Amino acid sequence: MKIAIIGAGNLGLSIAKGVLHSNGATTMYLTKRNLDEIKNFEKYGNVTVTSNNQEAVKHSDILIFAVQPGHFERILEEVKGHLTEKHVVISTITGFSISKMEEILGADKYIIRSMPNTAISVGYSMTCICSNELGKKRIDLAKAIFNRMGHSLEIPEEQMQAATVICASGIAFWMRLIRATTQGAIQLGFDAQEAQELAMHTCNGAANLLIDSKTHPEEEIDRVTTPKGCTIEGLNEMEHQGLRSSLIRGIVTSFEKIGQIRKG
């Protein structure tokens, strides 16, 4: 596949790393205004770095846009004259609707919205995907790209705002929970490196336990809680302190903030 990533910032480079590490591209173009920050990607041999978005579009079939929301419309206007019937447009832009992309590019283009997260760089992204009517013919292609770098799920477009919070912002939420667990482990006597190792591998194990067993979290909680035991006492204290309610309120607050960005 000939892939261009328009906007090689944090997310764009995470996608690039994921694609390259999974051998998912025959050629790749990366675009950014400051090329010094991405020059090292040329070591892969099949990667070209450029500040010319039009050049990247001309030499690619799959276009993944990872630019700032305020720049996206201008860039679409800049490249639309170079789009052909072969191009697949994949946007990762928060709050930029399919209908708005169709207004600029036309409904006769394969248009797909995706919401990956930065774990895509290590092959563990949770990516949500939706498309316009024509894009449905390429949705399996998009899923194949993102499945090489984690797991993808096709959802209705009206759920993309919520998916942004759960999947993209969710990485930060889980990092904070891992950090809190690390701090607790330090307080109990582990050094910082040991504490983080314990926290992150336990978190990884919990997620994989649910993925592989397809059980409900409460079922797995029941397996490790015993009458009058330390686990249930710790869980109950967390409940008293509002762990779940704080997390839910944080998720809802992030969701509402996206709504404000879209209106602005």
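**View 1. Exposed residue N23 in the predicted model.** With a relative accessibility of 66%, N23 counts as exposed, because the threshold for that class is over 50%. In this predicted model, N23 belongs to the loop that connects helix α1 (10–21) with strand β2 (27–31). The backbone of N23 has a phi near 55 degrees, which is a positive value in a residue other than glycine.

**View 2. K228 in the loop between α8 and α9.**

**View 3. The crossing of helices α6 and α7.** The axes of helix α6 (residues 160–187) and helix α7 (residues 192–213) come within 8 Å of each other and cross at roughly 135 degrees. Because of that angle, α6 is described as oblique to α7, and the crossing of the two helices is right-handed.

**View 4. Residues in the contact of α6 with α7.** From α6, the residues that take part are W174, I178, T181, T182, A185 and I186, and they meet A192, A195, Q196, A199, M200 and C203 of α7. Sorted by class, this contact of α6 with α7 comprises nine nonpolar and three polar residues, with no charged residues.

Notes: Residues numbered from 1 in each chain as written. Predicted model: local features only at pLDDT ≥ 70, side-chain atom pairs only at ≥ 80, totals over all residues. Heavy atoms only, no water. Helix = DSSP H or I, 4+ residues; strand = E, 2+ residues; numbered from the N terminus. Buried < 20%, exposed > 50% of the residue type's maximum accessible area, 1.4 Å probe, protein only. Axes fitted to C-alpha atoms, helices over the stretch in contact; angles between N-to-C directions. Parallel < 35°, antiparallel > 145°, perpendicular 65-115°, else oblique. Left-handed = near helix turned anticlockwise from the far one by under 90°. Contact = heavy atoms within 4.5 Å. Nonpolar A, V, L, I, M, F, W, Y, C, P; charged D, E, K, R; others polar.
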